[in-house]
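Please look over the sequence and the model shown here before reading on. The notes that follow take up a few local sites and the contact between chains.

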Amino acid sequence: MKQITNDALRLKLSQEYRNAHFTWIFTALFALLFLVYSFDFSTQQVRLPVVIFFVIYAVTALYVVFLTKRIRNDVIRKGEVQKRTRLLAYPLLLTIGAGNIFASGFAFALVSRNQTPEYTFASYALLTQLFVIGVSAFNLFKPYVVDTFLLAMGLLLVAALLYAVMIVLTARFVTAESAPKWMLIPGIILLFSLFIGNFFGFLLGYSLIKKARSKNPSSVEKWHTMWLKITRNTMAIFGMFFITFIFSLSVVSEWIFDYDFATQNNYSAILQNPSLEYPLGTDDFGRDLFSRIVFGAQISLIVGFASTVLPALVGGTLGAISGYFGRTTDSVIMRLLDILYAIPGILLAIAIIAAFGANTVNLIIALSVGAIPTYARTMRATVMQLSNFEFVEAARALGASDASIIFKQIVPNSLAPMIVKATLTIGGAVIATSSLSFLGLGIEPHIPEWGNILKVGSTYLETHSYVAIFPGICIMLLVLSFNFFGDGLRDALDPKTN
Amino acid sequence: MTIPEFMKSLYLKASIHRKSYWLVIVLSLPLHLISWVLYRVQKPETNYIEKLNQETSLFSEQQRHYWFEDFYRQEKAKDQAFQLHQSEDTLRKTAQRLAVQHEREELRKKLEKQGVVPQTYSRFTGDLIGKPSFFWMTLIFAFLLYSFLAGRSQSFAWFVLGRLVQTLFVIVGVAAFVFTILYISPLDPAQNILGVESTPEQVANFNRIYGLDQPYLVQLWNSLQGLFTFDLGTSFAGKENITASIASKFPVTLIIALFSLLMAIIIALPAGIISALRPNSYWDYTFMIVALIGLSIPSFWQGLLFILGFSIHLQWFPATYSTSNWLSLVLPIAVLGTSIAASIARMTRSSMLEVIHEDYIVTAKAKGLTERQIVSKHALKNAMIPIITVIGLLFGGMLGGAAITEKVFNISGIGSYIVDKQFIPDIPALLGGVVYIAIAISLVNLVIDILYAFYDPRIRSTMKKKG
């Protein structure tokens with residue numbers, strides 16, 4: 001009896017076993033989805049490409065089930081995953097060709113024993129890069145590509161190569177505590193990943209520099225533990241992957257995608273079904289939905305970030321002042337914010353847009369105003385707790401001014417809950433943006449934005465439902481990713497709230 | 001204790017309480033007119049100073065010297081520690097001063113034990129209030145003060161009163177805020193209604209009819225009056241009575257909101273409880289991933305998908321709302337309820353997880369209760385508190401989110417009314433719609449807060465501590 005409970009506990013603690021379970025279930029779910037979609041009920045025909053995808057996913061799922069069994073045996077008999085099992089994960093790396101992020105992510109996690117956050121960053125940087133390149137490659141089926149296409153694609157490939165090399169290097173040389181000094185050079189190069197929107201690459205670079213310099217061991221350890229917690233949270237890392245993928249795509253789309261396909265009317269190709277030239281079909285003006293959705297991601301991300309950062313700054317400042325000074329200041333600020341809090345965000349946004357007209361800037365302001373009180377409340381609660389701590393007393397005894405105590409002592413220490421809150425509300429902002437655009441109250445209708453595309457799609461729901469389905473899936477996945485990532489961040493930063 | 005005596009004790013308590021200090025002074029102004037005159041005339045005899053002088057002999061010379069020595073030692077140690085290099089003379093003087101202070105303090109304590117207290121003005125006023133004749137005579141013009149004091153002593157009534165005032169303030173604030181936004185709008189309703197070719201006279205006439213040419217404060221006052229007397233006049237376009245149309249559109253929105261809340265609770269509570277009881281199990285993961293998907297799905301898109309699936313393909317439910325067919329309410333309720341259900345399920349899980357590790361649950365387990373009994377009788381009751389708060393807050397978001405769902409399903413509720421009116425912008429109609437929704441939300445939250453204070457013993461005890 002005791003043996004069994006020990007085994008169960010061991011399996012529970014084994015990261016690989018849990019990941020394996022997760023991977024085969026999700027791969028099987030996708031296989032099922034492909035199976036359902038492979039038969040067109042209206043025309044009684046089999047969709048051949050979908051069947052191929054189904055077969056690939058089904059085989060992958062079976063292979064992962066087999067790996068799961070092996071891992072289980074290894075963990076129960078030997079206490080840890082054996083080398084041979086790890087070798088068996090290499091073929092699984094090929095699943096990236098089929099776009100199976102679950103299986104390929106799992107494969108990367110299984111092949112190396114050295115699971116530092118840097119290794120995860122490197123592997124997901126490569127995965128993101130390959131996904132971006134894969135999606136961008138669809139432009140080759142268009143009648144023409146933009147002038148910068150080849151150059152940009154070449155650059156992306158070079159970056160992918162760099163990440164591939166980094167995977168091997170980090171697996172070999174980076175430990176939990178430190179990295180060799182020469183890692184500074186690739187670290188600095190990797191910081192440029194931000195220009196192609198690859199967060200994973202940027203984080204990898206930053207992390208390597210931090211570890212290679214190793215000036216402050218406690219800060220390195222803090223950084224390491226935090227990211228280890230996030231990278232071990234499977235859903236959080238997939239959320240981060242999708243956010244990075246969309247971000248990277250919307251950054252590089254400037255040089256790879258042609259904006260004309262998304263905005264210029266093409267009456268010879270109205271409401272086409274998905275094909276290689278138009279991967280997601282066309283809308284009622286013959287505009288390519290694929291390009292529109294890619295450019296729509298830019299708007300969604302910009303509005304989402306702006307309408308999160310703005311209220312976080314304003315609300316955070318008000319909350320900090322309110323929480324620090326207390327008494328009358330607190331009452332006045334919080335009672336005034338109560339007024340804002342009593343109006344539902346969407347209604348307030350509608351009222352503001354009604355007054356000032358519908359455009360992008362007004363939309364950002366309208367969404368921001370309604371979000372101020374929640375940030376102020378979060379900040380206030382944290383600051384009230386913090387201002388009783390000894391280090392604040394000490395700063396006061398040393399003669400620091402109120403402003404310097406608030407902004408140098410208290411605010412840096414109360415950022416964690418604000419960051420978590422912000423991550424969890426970006427999703428809401430993205431939904432609100434597209435909802436208001438759908439009502440005709442958000443982004444101007446000529447700009448390709450997900451809500452605007454859906455608005456068109458809603459009129460063709462009966463005949464061409466894909467126009468409404470694809471942008472909706474994008475919104476949902478992006479918001480879901482932000483929520484998963486936010487949850488992971490919350491668990492990593494504050495284990496108590498879990 | 002008679003009423004005047006009770007009032008006296010309340011007054012004395014309130015006059016030293018920092019929080020309500022100014023309020024007490026303002027409220028008791030009429031009272032002070034009399035009591036100040038009496039104080040001046042009577043010059044109440046006080047034997048405090050005399051007693052003070054008498055009692056000085058209570059302390060022996062030795063005692064005094066001991067105190068002095070004590071302070072001197074302290075001062076000296078302080079001087080050395082901080083390296084102040086004060087002269088011997090200064091040290092002695094400081095020690096002497098402190099010793100005298102200490103002696104006075106000791107004396108005051110001793111006298112207080114004997115019932116001798118310094119006579120101050122506020123004490124004099126308190127004594128006056130304690131006299132029945134004075135109390136009943138001043139009842140009329142110090143009524144506000146007395147009712148304030150009485151209200152304060154009843155912590156629950158005080159709490160309710162405070163929340164009522166706060167809600168009133170928020171409601172007026174919301175009305176003023178929304179009006180101000182619409183007032184400073186650069187858009188011109190007159191131009192939009194009358195068309196581009198309207199003459200300046202026509203525009204001026206339009207503005208005069210609707211009072212748009214009046215100064216800000218007058219317009220604001222008129223709007224507030226209209227809101228609270230339920231007479232907002234007629235809308236700019238269509239000239240229908242705004243209050244009547246809002247009143248006719250509110251019920252649909254409320255019905256949908258209430259039913260979706262009910263649906264959400266029925267689905268979400270069990271899901272959350274199961275997830276919390278079996279954390280990290282398959283059920284837990286499934287429920288929580290589904291809940292997160294429910295949170296992440298845009299409601300208008302979900303509405304479109306439902307119409308596509310259930311109305312167009314399966315033809316189970318009609319795609320648009322009609323008053324005669326209750327089946328047409330099913331899809332909007334499901335759509336509106338999804339995100340609420342997701343939030344409630346997540347909140348239930350985390351709240352239950354917190355409660356389930358408390359000591360009293362362990363006790364219940366040790367008593368031999370079954371899991372079902374523990375959950376239903378012990379855990380759920382305490383876990384419900386944060387859940388109900390969240391439900392109250394979600395109700396607000398739901399009434400706001402109704403605007404989008406109503407547009408998708410073509411329901412003529414308050415939400416779609418607001419959206420329709422914003423294009424002009426029809427100021428009184430918009431104002432009415434938004435403010436009445438905000439009022440509904442504030443009232444719901446007020447009721448929840450008060451119920452809490454009534455049912456939760458912990459909140460009641462903290463209220464008493466404060467009062």
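Which residues does B:Thr243 touch, not counting residues up to four places away in sequence? In this predicted model, B:Thr243 is in contact with B:Phe230, B:Asp231 and B:Leu232 once those sequence neighbours are set aside.

**The site around B:Thr243**
- B:Thr243 belongs to helix H14 of chain B, which runs over residues 242–277.
- Because its relative accessibility is 15%, and buried means under 20%, B:Thr243 counts as buried.

**The interface between chain A and chain B**
- On the side of chain A, 52 residues are in contact with 50 residues of chain B, and the area buried between the two chains is about 4200 Å², with carbon and sulfur atoms giving 80% of that area.
- One salt bridge is counted between chain A and chain B; B:Arg346 forms a salt bridge with A:Asp487, and the closest N and O atoms of this pair are 3.0 Å apart.
- Polar contact between the two chains amounts to six residue pairs, counted where both residues are at pLDDT 80 or more.
- The helices of chain A that each supply at least two residues to the side touching chain B are H2 (15–37), H14 (327–342), H15 (345–356), H19 (415–438), H20 (450–459) and H21 (466–493).
- Helix H21 of chain A gives the most to that side, with 12 residues.
- By residue class, the side of chain A that touches chain B divides into 35 nonpolar, 10 polar and seven charged residues.

**Helix H8 of chain A**
- Within helix H8 of chain A, which spans residues 184–191, the residues A:Pro186, A:Gly187 and A:Leu190 are buried.
- Viewed down the axis of H8(A), these buried residues fall within an arc of 105°, and therefore they line one face of the helix.
- The cover over the buried residues of H8(A) includes helix H7 (149–173) and helix H9 (199–213) of chain A.

**The loop that holds A:Ser214**
- A:Ser214 lies in the loop of chain A between H9 and helix H10, the latter covering residues 217–232.
- With a relative accessibility of 36%, A:Ser214 counts as partly exposed.
- Although A:Ser214 and A:Lys181 are 33 residues apart along the chain, their C-alpha atoms are separated by 9.1 Å.

Conventions:
Residues numbered from 1 in each chain as written. Chains lettered and ligands numbered in written order. Predicted model: local features only at pLDDT ≥ 70, side-chain atom pairs only at ≥ 80, totals over all residues. Heavy atoms only, no water. Buried < 20%, exposed > 50% of the residue type's maximum accessible area, 1.4 Å probe, protein only. Helix = DSSP H or I, 4+ residues; strand = E, 2+ residues; numbered from the N terminus. Arc of directions from axis to C-beta. Contact = heavy atoms within 4.5 Å. Buried area = accessible area lost by both parts, 1.4 Å probe. Salt bridge = Lys/Arg side-chain N within 4 Å of Asp/Glu carboxyl O. Polar contact = N/O pair within 3.5 Å; in protein donor to acceptor, adjacent residues only side chain to side chain. Nonpolar A, V, L, I, M, F, W, Y, C, P; charged D, E, K, R; others polar.
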